[in-house]
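Colleague: I'm new to this one and would like a close look at a single part of it. Could you pick a helix and walk me through its surroundings?

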Amino acid sequence: MTAGMKTFGHNWWIPMVVGLISLACGIAALVWPDVTLLALALIAGVNITVLSAFVVGEAIAEREAQDKTLRIVLGVVGIIAGLIVMRRPGETLLVLILAVGIWLVLDGIVDIVHAIVNPRGHRMLMIVGGLIDFGVGVALLVWPKLGLGTVAILIGLGFVVRGAVLMLGGWQLRGVSHAIEDAPPTGPTPIVI
């Protein structure tokens with residue numbers, strides 16, 4: 001195993017925590033779809049900021065990724081979008097829909113490209129997650145006059161899927177960590193006299 005895999009394996013808890021935050025935000029939006037615009041904007045803004053920061057960190061940590069720059073740019077754009085949504089949570093529903101919709105479309109595209117370019121792990125799960133993000137984003141952008149309850153349900157579904165995928169990835173990294181710890185050391189065998 002490489003040093004990079006060892007480092008990723010020992011940090012399995014990071015995608016688990018980020019996934020749990022996304023899952024909690026999604027469930028909150030699904031359970032209480034009639035929340036006020038302020039609460040929905042804060043939930044969406046926090047989650048987009050956390051998810052985007054994770055994307056930037058993950059892209060920086062991967063040395064061989066061919067789509068590294070694209071993912072870093074998306075992460076930075078997502079962080080900015082999340083901060084804007086949190087800074088102006090009382091603005092109109094249209095601003096929230098546009099910010100979240102654009103981010104979901106871009107994030108879905110980047111996830112699909114990442115799954116195709118770097119075929120590791122659950123490739124199909126990443127593609128399905130990317131397609132769901134893309135579809136939810138397009139639905140928000142095509143029908144911007146949706147009601148607050150519908151927007152909350154769409155955003156909630158996107159966040160639940162994203163959280164589940166991240167938690168599954170964290171669980172896989174945990175397995176890698178245990179496999180590395182249980183593997184016999186490689187390299188030259190010391191000579192015992």
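**A close look at helix α4**

Modeller: Let's take α4, where Arg71, Leu74, Gly75, Gly78, Ala81, Gly82 and Val85 are buried; buried means under 20% relative accessible area, exposed over 50% and partly exposed in between, with a 1.4 Å probe and protein chains only. Looking down the axis of α4, you'd find its buried residues within an arc of 130°, so they line one face of the helix (the arc is that of the directions from the helix axis to the C-beta atoms).

Residues are numbered from 1 along each chain as its sequence is written, and side-chain values use heavy atoms, with hydrogens and water left out.

As for its length, α4 covers residues 68–87, and its 20 residues reach 28 Å from first C-alpha to last, close to the 28 Å expected at 1.5 Å a residue. That expected span is 1.5 Å times one less than the number of residues. Helices here are DSSP runs (H or I, at least four residues; strands are E, at least two), numbered from the N terminus.

Threonine 49 sits in helix α3 and, at 16% relative accessibility, counts as buried. Leaving aside neighbours within four places in sequence, threonine 49 is in contact with Ile79, Gly82, Leu83 and Met86, where contact means heavy atoms within 4.5 Å. Gly82 is also one of the buried residues of α4. Within its own surroundings, threonine 49 has a polar side-chain atom 2.8 Å from the backbone oxygen of glycine 45.

Stepping back, the protein has seven helices and zero strands, and buried residues make up 39% of its 193 residues. Among contacts with a separation of 6 or more, 80% are between residues 24 or more positions apart.

How far to trust it? The mean pLDDT (the predictor's confidence in each residue, from 0 to 100) is 77, and 77% of the residues reach 70 or more. Confidence is lowest in helix α1 (residues 3–10), at a mean of 54, and highest in α6, at 85. Where pLDDT is low, the predicted coordinates should not be read in detail.

Key:
Polar contact = N/O pair within 3.5 Å; in protein donor to acceptor, adjacent residues only side chain to side chain.
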